[in-house]
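Reader: Hi, I'm new to this one and would like a walk through it. Could you show it to me before we start?

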Amino acid sequence: MSSLPVLTWLLPGAAGLALWLLPRGSARQLPLARVLASAQLVLAVVLLRATASGEILVHAFGDWPAPFGIAIAADRLSGLFVLLQAALLSVTVWVLRPAAHGERTVRRALPLLFLLSFGLNLAFLTGDLFNLFVAFEVVLLASYLLIQVPGTERSVGAAFPNVAINLLASVFFFVGVGLLYGQFGTLNLGDLALGLQNGPPATLTLVACGLLTVAFGIKAGLVPLMFWLPATYPTLSGPVAALFAGMMTKLGVFALLRTVPLLMADTPIPGLLVWIGVGSALLGVLAALSEYEVRRLLGFHIVSQVGYMVLGLGLLTVGSVAAAIFYLTHHIVVKAVLFFVADELERRNGSRDLRSMLPERSQGGGLALIFLLAAFSLAGIPPLSGFFAKLGLFRATLGLDAWFALGALAIASFFTLGSMLKVWRLAFHGNGSSGASAAPRVGASVGLAPIWMLVAASVLMALAAGPIYEFAEATAEQILNVEDYSAAVLSGRGSAPGAEGP
Amino acid sequence: MTPVLVLAVGLLTAVGIYLLLARRVFSVILGVSLLTHAANLVVLATGGWSAKAPIVVDGVERAALADPVPQALVLTAIVISMAVTLYLLATFSAGARVLGRDEIRPAAAGDADRDPDSVRRELTGDGGRES
């Protein structure tokens, strides 16, 4: 039994509650939030170090024996996601400033951000399918409220379709969970995986897995199900949108990474995911090419890049899943940077539309350089992290002779560069109409230091691509090794290699 | 009992989807609630259907009992869906107040043809009223 994962999970919940209970207008709220977010980051680093050895930390609540009690299980994948989430939350909290984003927005958003983080951590750490459903609901409630925080006409209008589609996903998820329980009499992920290995999947199992995949696909923004995503993200308050862009769709990808190897390896779903990935990668980037609103454009890029990851997962080899995990790590960091830049860009120009942006307003403080590094990294230009991410995926597809996938990814990368250059040309380089006054600036500028930290992380990821890739491979091996995970979760006290938890 | 259950699930799903596709916000809320009910019935059915309490007592065969776990799951789901429905109704009334309508319309795709003042208020987080 190990209490470290439980502690990591509960800290943001307690933090959110504390921030919410502070008297309104308290000057201590923001500093306290920054301290708490940093504390969570430290815990997340400790957790990642504990899981990096390959040990699966398991906590069974109330010491109930495994298939009956509820298990919290932390493997390498959980450790990685918790760390990424904690890092992104810290940067978001450091970027949020009352002078820039409105005093009311900051006051309302802070407790909700920690509630979101609480739900995300539970999703990453749970070893129980129904608990995953509950975690999704916690995350969704926090996200619904965060969408409404700006309180503007647009955010209220955008909230509703988003809630409706997510509720539909929840219904699918819930029915899928129920059907799986009906057949196997268990909700423990390890136990379910063992039950599914007993023979070819029955029709009802296929239906249940299909329902789960649709539910996760809606959250991840995969191609036929992604229309809510670019409509919602532009209405969020800037730094919150960066956290959403980094983590929310990746919750869907995480759920797929966790459940596909465990539950769906023998179904046609991985093969389907490859095609969905190809479709997402291409259609997302094509839609992005035609957009002029910065954050809508970036939203369609998320759809495109989630396609890359799902494609890697669908191929289900150690190499391809490792590539997907590396891609995801790179993407979370770089995409958040781009959304932070978009927020600052929009407020410097007083507009969300690229066509009404002026380079005289946009430039300054190194914003252009940050954008250029992140955009080139996203497109996969060699010395940056995106290059290694794409290289890994290309190598994995080559090894499997998946030529169509390779071609689709190459074309999508080309268009990614094209649409990033469009943003560069219109926002930073000038569109020939220079000489106009450089007046609009809405709200104060944010400090760019936390964003530079993320850029540095992205560059470091490129410099340390070797070790990080090895970690991704170890993670992929661990999630594809169903027996070890099942044994660890069912034993209720974690697994070898390494000493057992206290 | 099963045919009745199947019919109920089918009917709830059909009506729920019909309402979900409406443009009026209130219809969508009703549709989502009905769909949730349909899902609850499906999950309840997976645990078997029994009029007896799920308590193991002498003299009652195990096969005659319903599995309590799906009932616990459904209970959790009901609590969650109640919270979400409350949130939706609050959004509905706020939306009717802020937007002055109860219809879902696609958000504008760009800022080009929008009032610069409202864009400015959105960017500074200064929209709506204090509450």
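Author: Before the first number, one term: a residue counts as buried if 20 or more other C-beta atoms lie within 10 Å of its own, and as exposed if 12 or fewer do. Please also keep in mind that this is a predicted model.

Reader: Which residues touch the most other members of the largest nonpolar core?

Author: That core has 223 residues, and those touching the most other members are A:A123, A:V310, A:A336, A:V337, A:V341 and A:A374. To take one of them, A:V310 is in contact with A:L222, A:V253, A:L256, A:L273, A:I276, A:G277 and A:S280, leaving aside its neighbours within four places in sequence.

Reader: Switching topic, where is A:W424 found, and why does A:W424 count as partly exposed?

Author: A:W424 is found in helix α18 of chain A, which covers residues 403-429. A:W424 counts as partly exposed because it has 16 C-beta neighbours inside 10 Å.

Reader: What about chain B, how many of its residues are in contact with chain A?

Author: There are 44 residues of chain B in contact with 45 residues of chain A. On the chain B side, the elements that give two or more residues are α2 (25-46), α3 (68-99) and α4 (116-123) of chain B, and the largest share, 15 residues, comes from α3(B). By class, that side has 26 nonpolar, eleven polar and seven charged residues.

Reader: Where in chain B is confidence lowest, and where highest?

Author: In chain B, confidence is lowest in α4(B), with a mean pLDDT of 71, and highest in helix α1 (residues 2-20) of chain B, at 91. Chain B averages a pLDDT of 79, with 73% of the residues scoring at least 70. For the complex, the predictor gives an ipTM of 0.87 and a pTM of 0.91.

Notes:
Residues are numbered from 1 along each chain as its sequence is written. Chains are lettered from A and ligands numbered from 1 in the order in which they are written. This is a predicted model: local features need pLDDT of at least 70, side-chain atom pairs count only at pLDDT 80 or more; totals for chains, interfaces and linings use all residues. Two residues are in contact if their C-beta atoms, placed from the backbone, lie within 7 Å. Helices (H or I, at least four residues) and strands (E, at least two) are DSSP runs, numbered from the N terminus. Ala, Val, Leu, Ile, Met, Phe, Trp, Tyr, Cys and Pro count as nonpolar, Asp, Glu, Lys and Arg as charged, and the others, Gly among them, as polar. A nonpolar core is a set of buried Ala, Val, Leu, Ile, Met, Phe, Trp, Tyr and Cys residues joined through C-beta atoms within 7 Å. pLDDT is the predictor's confidence in each residue, from 0 to 100.
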